[in-house]
Each structure stands twice: as structure tokens, then as C-alpha cells.
Amino acid sequence: MSSTTADQATASQKPLETRLFINGKFQSATDGKTFKLINPYTREPIADIHEANEQDVDKAVAAAKAAFPAWRDLTPDARGVYLRKLSNLIRENTPELARLESISMGKPVSIFFDAALAADNFGYFAETGWQAQGTSSVNTPGHLNISLKQPYGVVGAIIPWNAPLIIFAFKTAPALAAGNTVVLKSSEKAPLTSAFMAKLIAEAGFPPGVINILSGLGTPAGSALASHMDVRCLSFTGSSATGRKIQIAAAKSNMKVVHMELGGKSPAIIFEDADIEKAAEKTQFSIQLGSGQTCVANSRIYVQESVADKFLAVFKEKFGAARIGNPLDPTTTHGPQADNIQYERVKSYLEIGEKEAKLTMGGDAGNGFIKPTVFENVPEDSRLMKEEVFGPVVAINTFKTEEEAIERANNSEFGLYASVFTKDIDRAVRLSKLLEAGTVGVNCTSPTIVKDMPFGGYKQSGIGREGILEGLDNFLQTKAVLISTSS
């Protein structure tokens, strides 16, 4: 990082907010407990974050429950005023939000598109509350029957560390537009953008209790939110292992409705008739983005034998061009893993790959960094093929026939995103139907997501769908009202 860039980064720093935001006020955790947040690049402590416990969750839920009737009874455009203000404030504070994600989990500022996407989401849902519409029926003699779409009440949201601002918006914007109030728990690995969002929420003038933001660990804060009797709907993004725990807690408490977007082991299939240059460019970007720390990363690539050498040569050239360094430097494209736990986890998979497959590029770079890494000839039953590594590590195998490629791609308990690269439209349609994934990209791959299509997973990759056309309904329940018109 140049001295000029470093000076600019220092000059732009604002005091870090690390407290809980409950009922419109910043406050310490009830027991005063905090945990240290470590900068993954400098590996030095940057803040003491207030750690919510069960009592803090109770306070936040109580505040949200008390605020619900008045928020529910606002007209959709009255609620939209607050959402629109928040959208504008996000845009105005993009540099600071980028800095906060960089110093907390190592995301390079050069790839930070998150604020624009979050602002768009709040802006869209500022206009869509009117779409909470039911139906009517006069098909039953002597009755006028109608259905109503109504908010749940208190909605819980638990978000991950790899894209905290985006997922903050994906969950809270539609929940609020639908008339619910929210209690959100940020990830302990990346709490700073959520805490800063609380400042923007206060600046936007949201009524107290409508949005409450907690920082803390999965236990006790996350588990308390998942099992709380006054939380009627919960939306979670994170690992499949944590998703199972949340589903159990929800079932054991009040059978709250749960939406979950979980892990992935996304395959990309490259046929011999594909545009190899474009296929290599897109797939390498997918697994390198965010140092591989995305649930949709195409961490498995299957290449038809006849073009494997050509594909690998182009892929490795582009994959290896990532610029590793300080994520605050605008020329950096590849940051460290989010924390030491994640770094050690990825290194454990490197050890598996070195024993079971052929390492042809990359490896451990030291000091929290993993180089863009390629393993070839990976056994299909290897943990490297079966489990989510969440690092810039890709397994590339070859195939002969279409049937073989489909079978291998679907041989996973995950089903979040799959891709096929081919110029044969018939083949593209066939594979789109047969691949077991919530999203299938044809001649494109992740992070390509379009706003007006549903997003979610098959199998252990999730329950339910998100997106601007799906989001509002996720946070509304349906009631039938039967009105007798007979005398």
C-alpha cells in the first residue's frame, strides 16, 4: 500500500461504533461483556465489540414487539419514506462502508459493490409495500370471501460475515416494507457495517424499536433469537451446519417460519464447443472473488477432455493474475481470509488436496493469505469435492460425456448454483432442467445474480427463496376471511 493511499485511509477513518442498538438507542451489553475484533490483514485488534446475551435479545425483541403495531398500521408509502432515506444514506457513506468491511473481514475495497446493491434494495422496497395484496372470491353462495396478506410481527435475521451489508439489506428491507419489525444479529467476524447501519437508521429517523441490531456470538445471542417465543419468522444466511441448529431451535420453540440460504459446492461444466476464453475468465473470477469466501463460488469445474489443456492454460493465467495485498489498497483484488479460524480451515483442505489430488497452482501464502489454488484429478469422494472450503481453492476434473458431467455435478448434498458453458442451445436447455441447483447459469456463472429472479438452493443449500419479487411474500402470512352475506 502506498503512503498516499495509507494517508487517505487514515484520514477517512471515523470512530467505530461497537455497541448494541436497541429501541433506537446505542447501549452496552447487559453484562458489559465484549469480544475483540481482529483485522485479518494487520492481524492486530481494531475494536472491542459488545457481545449480546440472552437478556439483550429479550430487550431487543420486546422493543420490536412494542413497536410493531404502530409500524404495521403505517401506510406502505409512509414506511417507504424511511426506507428511501436509508437508501440515500447508504450511497452517501459508501467509502466508509467499504473501509469497515475491509478492516473487519478483509474484503478489498476494489471489489466493493455491496453498498450500491444494498441501496438499490432499500430503494426498491420503499415503493413495493402496496403489493401486499390478497384475493377475493364469490364462488361460495351466500359468502364474500377474501384473503389478507399480513406481517408476522417480530422478524429475526441472522447474517453472515462474507457479505454483511448486502444480506442486511436483503433481509431487513422486505421485512420492514411488509410491516414487520426486526431484530438482526450480525456475525462476530464482521459486525462493523451492521453497527454503522444502525447509525444510519437513527439518522433516517426510524421509530424506536422498528430495527434493533445486535452483535454477538452464535451462542448465546443467535440461539436465543432462533428459539425466542416472540419471534414469529426468522431469516438466516450462513453454513448448513448452523442452519440445522436454527431449524431445530425454531421447531422446539414456537414453530416459527424459517427461511435459510446456506452453503454451496457449485459446479461449472465446460463443454468443448464453449467459448473457452470467456469460460475461463468467468469461472476463475467466481472462485477468486472475495478470496473464495462466497457460497456461490464455482469450486468444482468439470472440463470436457478435448479442451482441458486449453481451458487450464487460460484459467491459470487469469486466476494467477490476482493482486494479493492490503485490502484497503484500491489496486488489491485478493485479500486475506476473514480471520485465523477461516485461514486454518482452508489450510486443512490444502493438506487434503495435497494428499489426494494434484496441486498444480497456488497454496498457502502465509500471514492469513491463500493464493489462488488449483487441484486437478481430485477423487469424486474426496472431502475437497464434497465439502465447502470457502477459500480460493478450485477442483478441476475432466469428463467425456454429457451424462457423466451431469451425474458428477449433481453428486453433492449442496445445490445452490450450477453453470454450463456451451454454444449448443439444446444442450443448455437439457442441463438447465437436469442440474440440481436453485440457480443455473448458461454461459455465465456466479456472482451473476439478477434482481428479478428468485435466489435460493436445492437440498442442503437452503429453504425458500430471496429476491425483489420474492422478498415481500417471505415476510407476509395469509389469512382467509369468510363473510356471510345471507340474511
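**Chatting through the predicted model**

Reader: Hi! Let's start with D73: does D73 count as buried or exposed?
Author: D73 has 56% relative accessibility, which is over the 50% cut-off, so D73 counts as exposed. Keep in mind that this is a predicted model.

Reader: Good to know. What does the side chain of D73 meet in a salt bridge?
Author: The partner is R72, with 2.9 Å from N to O. R72 counts as partly exposed, because its relative accessibility is 36%.

Reader: How many salt bridges does a search of the whole structure find?
Author: The search finds 23. Side chains of opposite charge can pair when their charged atoms come close.

Reader: Which residue forms a salt bridge with E96?
Author: That is R99, and the closest N and O atoms are 2.9 Å apart. Both residues sit in helix α4 (residues 94–105), three residues apart, or about one turn of the helix.

Reader: And are E96 and R99 buried or exposed?
Author: E96 and R99 are both buried. There is also a salt bridge between D114 and K107, where the closest N and O atoms are 2.7 Å apart. D114 and K107 are both buried too.

Reader: Which residues are linked in a network of salt bridges?
Author: D273, E402, R427 and R430 form such a network.

Reader: Switching to strands. In β12, which residues point one way and which the other way?
Author: P267 and I269 point one way from β12 (residues 267–270), while A268 and I270 point the other way. Every one of these four is buried.

Reader: In which sense do β12 and β13 pair?
Author: They pair in the parallel sense, over four bridges, with β13 covering residues 300–304. R300 in β13 is the bridge partner of P267. Between the two strands the chain passes through helix α10 (residues 276–288), and this β-α-β crossover is right-handed.

Reader: What order does the open sheet of three strands have?
Author: The order is β5-β6-β22, and the pairing is antiparallel. β5 (136–137) and β22 (476–484) are at the edges with a single partner strand each, so one side of each has no neighbour in the sheet. β5 is joined to β6 (residues 143–151) by two bridges, and S136 is opposite I146 in β6.

Reader: Helices next. Which residues are buried in α8?
Author: In α8 (residues 218–226) the buried ones include P220, A221, G222, A224, L225 and A226. Among the elements covering them are α2 (54–73), β7 (154–158), β8 (181–185), β10 (233–237) and α9 (240–252).

Reader: And N474, what does N474 touch?
Author: Leaving out residues up to four places away in sequence, N474 touches Y152, C233, H259, R465 and E466. N474 lies in helix α16 (residues 471–474) and counts as buried because its relative accessibility is 15%.

Reader: What pLDDT does the chain average?
Author: The average is 95, and 97% of the residues score at least 70. Over residues 1–11, though, the pLDDT is below 50, and that stretch has 11 contacts beyond near neighbours in sequence. Where pLDDT is low, the predicted coordinates should not be read in detail.

Reader: Last one: which residues does UniProt list for the domain?
Author: An unreviewed UniProt entry lists residues 29–481 as "domain: Aldehyde dehydrogenase". Over residues 29–481 the chain is 40% helix and 22% strand, with the end C-alpha atoms 44 Å apart.

Definitions and conventions: Residues are numbered from 1 along each chain as its sequence is written. This is a predicted model: local features need pLDDT of at least 70, side-chain atom pairs count only at pLDDT 80 or more; totals for chains, interfaces and linings use all residues. Side-chain values use heavy atoms; hydrogens and water are left out. Buried means under 20% relative accessible area, exposed over 50%, partly exposed in between (1.4 Å probe, protein chains only). Two strands pair if DSSP finds at least two bridges between them. A crossover is right-handed if, with the strands pointing away from the viewer, the path from the first strand over the helix to the second runs clockwise. UniProt positions are given in the numbering used here, feature names are shortened, and annotations may be inferred rather than shown by experiment. Contact means heavy atoms within 4.5 Å. pLDDT is the predictor's confidence in each residue, from 0 to 100. A salt bridge is a side-chain nitrogen of Lys or Arg within 4 Å of a carboxyl oxygen of Asp or Glu.
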